[in-house]
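Dear colleague,

I am handing over the structure below, and I would be grateful if you could read the notes that follow with the coordinates open beside them.

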Amino acid sequence: MKSYTCKLREVADPLWEQEKNHPLVTGIGDGSLPLEIFSNYLKQDYVFLIEFARVISIAVTKSEEIDSMAWFSTLLNETLNTEMDLHVSFCKDFSITLDELKGTKMSPTTYEYTSHLMTVALKGETLEIATAILPCMWGYSEIGKHLHEQGLPQNNDLHAKWIEMYSSDEFAELTTWIRNYIDECVTTLPQSRLTKLESIFLTSSVYEGKFWESAYNLETWDDPTGKLIIS
């Protein structure tokens, strides 16, 4: 019998396949992605991860079991001290200072995506939070392994380094835990609750695709006043 998360993945498959074939993803895979776009993506992902970490911290406080509290704490540490460090390291290679990185303004899509995650975190239980963040974690792991199987780009060490991180067994283990957690939690839930979780999962999956697209297009705010502050 298929697990609940496998069923979610099947429903979202058209969205996830679009991500795999997005020019930003394929450009990382073959090393052809222009540095300007890769740099923009990294900066947007950095500010995204800050909000992502805040969402995970809420999952820590809402966890009812010590085991899940410990795991979300581990994920929080990995996000803050491994994944974000990689972004800082990358940006140094682009001569982007840490102050410039911290001063990055969220794009409209980054703002919308993180707002969705925070709304789920504040209104929902730990299960809803886990379901909302799963497309990001699972999607990156799947993309990383997909690109790694195609072979690391020989002409771009930065892109290869990105692929190696997200294709790692360590990153996949984090995804496996959260999938198992969700599958265990849903065994006795009514259909109405499962339908809500599916909606949360699909919404995050949509935003994953929109995030790649917005980063690729160097999306910015339409602000004729020049005074809009989004951080």
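The model is a predicted one, in which local features need pLDDT of at least 70 and side-chain atom pairs count only at pLDDT 80 or more, while totals for chains, interfaces and linings use all residues. Residues are numbered from 1 along each chain as its sequence is written, and side-chain values use heavy atoms, with hydrogens and water left out.

The protein chain holds eleven helices and zero strands, where helices (H or I, at least four residues) and strands (E, at least two) are DSSP runs numbered from the N terminus. Its radius of gyration, taken over C-alpha atoms, is 17 Å, close to the 17 Å that the globule rule gives for 231 residues, so the chain is as compact as a globular protein of that length; the rule itself is 2.2 Å times the number of residues to the power 0.38. Along the principal axes, the C-alpha atoms fill a box of roughly 50 × 45 × 30 Å. Of the 231 residues, 52% count as buried, a term that means under 20% relative accessible area, with exposed meaning over 50% and partly exposed lying in between (1.4 Å probe, protein chains only).

Taking contact to mean heavy atoms within 4.5 Å, 82% of the contacts between residues at least 6 apart in sequence join residues at least 24 apart. The chain exposes about 11,200 Å², of which carbon and sulfur atoms supply 52%, the areas coming from the Shrake-Rupley method with a 1.4 Å probe and, for residues, with only the protein chains shown counting as cover.

Turning to the helices, the buried residues of helix 1 are Tyr4, Thr5, Leu8 and Arg9. They cover an arc of only 145 degrees around the axis, which puts them on the same side of helix 1; the arc is that of the directions from the helix axis to the C-beta atoms. These buried residues pack against helix 2, helix 8, helix 10 (169–185) and helix 11.

In helix 2 (residues 13–20), the buried residues are Trp16, Glu19 and Lys20. Seen down the axis, they fall within an arc of 100 degrees, so they line one face of helix 2, whereas Pro14 and Gln18 are exposed on the other side. The buried residues of helix 2 pack against helix 1 (4–11), helix 3 (23–30), helix 8 (126–150) and helix 11 (191–216).

Ser107, in the loop between helix 6 (98–102) and helix 7 (108–123), is buried, with a relative accessible area of 3%. Leaving aside its neighbours within four places in sequence, Ser107 is in contact with Gln44, Ser214, Glu219 and Trp221.

Leu189, found in the loop between helix 10 and helix 11, is likewise buried, with a relative accessible area of 19%. With neighbours within four places in sequence again set aside, Leu189 is in contact with Leu127, Leu194 and Leu197.

Leu218 is found in the segment after helix 11 and counts as partly exposed, at 30% relative accessibility. The phi of Leu218 is near 55 degrees, a positive value in a residue other than glycine. Most residues other than glycine have a negative phi.
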